[in-house]
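Please go through the points in order.

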Amino acid sequence: MKIVSKKKIAFFSTTRAEFGLIQPLLSKIYLNKLFTSYFFVGGSHLVNDYGKTILEIKNKKIKINEIFNFYSDKKKDNKNLIDALAKETKQLNKIFQKFDFDTIIILGDRYELLPIVTCAILYNKKIVHIGGGEKTLGIIDEQVRNMVSKSAHLHFTSNKYFKKQLINMDENYRSIFNVGSLSTENIKKIKRIDKKNLFQKFKIDIKLPLILMTYHSTTLEFNVSVKEQINNIFKALEQFNFSVIITGPNIEKNSDIIKNIKIKNTRKNKNYQYFDSLGFDNYHQLMKYSNFVIGNSSSGIIETPYYKIPTVNVGIRQKKRLRHISIIDCNYQQIEIVKSIKKASSENFKKKISNMKYLFGNGNSSEKIIKVLEKYI
C-alpha cells in the first residue's frame, strides 16, 4: 500500500477581520485527512482595548497551537508599531523553529503579515496568499499586499479582475486561482436571528433606522487630520435620527485617536453604541437589517453589497477597490457626507441596487481552495 505523507500547513491570524474570513477554510483543512494543520494567533486578538478576539476563537472550539503577543499599551505611532513588529519577528522565529510545517497560508494586506512572510522566506516555506491583486491606494495596505503577493508561491483571488492584476505584476498565471471571497461563504453559513430578537439582544430601538459605522485610520491621507475626518462623520449623523452601532478601528497609526472620539460621541447619544469588536457573526446579523453602512472599512466594499444595501464610503482608504453600484463615495466634508447619507436612505437608490449582481463569488471558496492545495502543494 502506498503511504501518502500529509501536507503540513500553518495558518496565521493577527486580526478579527481575517479570522472571520479564514475560519471555514481552517475548519475544513483540519478535518481533511490529507493535511496536518497548525493555527497561530497573535496581534490584536490578544489586546483588551481591541476586543480581545482570541475569546471568539476559543468559543468556536478552534485549536490554537501557539500565540505570539507583540502589541503594547503604548500610543499607536510609527515608532511603537515598528517596535511591535520587531517583537513579533522574534516570537515568530521561535514558532518557525518549534513547529514542523511546509506551507503557510495568510490572508489580506495587514502590515503584521510582513514578519510572517520574512520568516517563511528565510525558513524556506511555501507561501499561499489569499486576497492578492486588489487595490487600495489610500493606505499602506496596497504596498503590503503587493509585497506579500511577490513573495507568494500560490495565489487565491476573489475576482477575475484581481487575477489579471497579479498577472500584470508578472506573477505566473498557473499559480493564480480565482475562487471568490471567503466572506461570501461565511455570510451564507450564519444562523440568522430574527430582527425583533436581534434588536432586543443589542438594545436597539426597532422604530429607528439602524446604521453600522466602522472607520479606520487612513494612513496615506495627509491633507485632512484624522480628528476632522471622524468628527465630520459624527456631525453628519447628528442631523438624522438613527440607531448607530459603532465598531472599533484596527490597530494602526492614530487608531487610539479614532477610538477615543468614537467612545466620546457614543456617550453623548443614547441611540449610539460602541463595541471594540462585534465578531463576524454579530456584525453580519446586524448588517442584514441595516439601512446602510458608513465609514471606510473594506467590509463596506466587499461584504455589504451581498445584502444589496448601500455603503457610504468616506475618504480615500478604499480608493481604487472594485466597486458595486451600491457604493456611494464622498470626501470628508460634512456637507458631502450628509448628501451621501440622504442618497443611501432614498427608496429610489435602494430600488436601483436591488437587482445588482454580486461580484465576489457564490460561497464555495474554501472547497475550491482545498482542491488546489491538494494538487499543488
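This is a predicted model: local features need pLDDT of at least 70, side-chain atom pairs count only at pLDDT 80 or more; totals for chains, interfaces and linings use all residues.

1. Residues are numbered from 1 along each chain as its sequence is written, and side-chain values use heavy atoms, with hydrogens and water left out.

2. The largest nonpolar core has 46 residues. A core here is a set of buried Ala, Val, Leu, Ile, Met, Phe, Trp, Tyr and Cys residues joined through side-chain atoms within 4.5 Å; buried means under 20% relative accessible area, exposed over 50%, and partly exposed in between (1.4 Å probe, protein chains only). Phe11, Ile29, Phe39, Phe156, Leu286 and Leu373 have the most contacts inside this core. Helix α1 (residues 16-31) gives the most to the core, namely six residues. Helices (H or I, at least four residues) and strands (E, at least two) are DSSP runs, numbered from the N terminus.

3. A second, separate core of 31 residues includes Leu237, Phe242, Phe292 and Ile328.

4. Helix α5 (residues 141-151) has Asp141, Glu142, Val144, Arg145, Val148 and Ser149 as its buried residues. These residues lie on the same side of α5, because they cover an arc of only 165° around the axis; the arc is that of the directions from the helix axis to the C-beta atoms. The elements covering them include β4 (103-107), α4 (113-122), β5 (126-130), β6 (154-157) and α6 (160-168).

5. Six strands form an open sheet in the order β10-β9-β8-β11-β12-β13, with parallel pairing; strands pair if DSSP finds at least two bridges between them. β10 (272-275) and β13 (327-330) are at the edges with a single partner strand each, so one side of each has no neighbour in the sheet. Neighbouring strands are turned by 20° against each other on average, direction ignored. Axes are lines fitted to C-alpha atoms, for helices over the stretch in contact, and angles run from 0 to 180 degrees between N-to-C directions.

6. β12 (residues 311-314) pairs with β13 in the parallel sense over four bridges, and Thr311 has Ile327 of β13 as its bridge partner. Helix α9 (residues 226-237) packs on the sheet, touching β8 (210-214), β9 (243-247), β10, β11 (292-295) and β12, and its direction makes about 175° with that of β8.

7. The structure holds 20 salt bridges, each a side-chain nitrogen of Lys or Arg within 4 Å of a carboxyl oxygen of Asp or Glu. Asp109 and Arg145 form one (2.7 Å, N to O). Asp109 lies in the loop between β4 and α4 and Arg145 in helix α5, so the pair ties together parts 36 residues apart in sequence. Asp109 is buried at 11% relative accessible area, and Arg145 is buried at 0%.

8. Arg110 and Glu252 form another salt bridge, with closest N and O atoms 3.1 Å apart. The pair links the loop between β4 and α4 with the loop between β9 and α10 (255-268), 142 residues apart. Both Arg110 and Glu252 are buried.

9. Glu142 forms a salt bridge with Lys135 at 3.4 Å between the closest N and O atoms. Glu142 is buried at 9% relative accessibility, whereas Lys135 is partly exposed at 28%. Through shared partners, salt bridges join Asp109, Glu134, Lys135, Glu142, Arg145 and Arg321 into one network.

Notes. Contact means heavy atoms within 4.5 Å.
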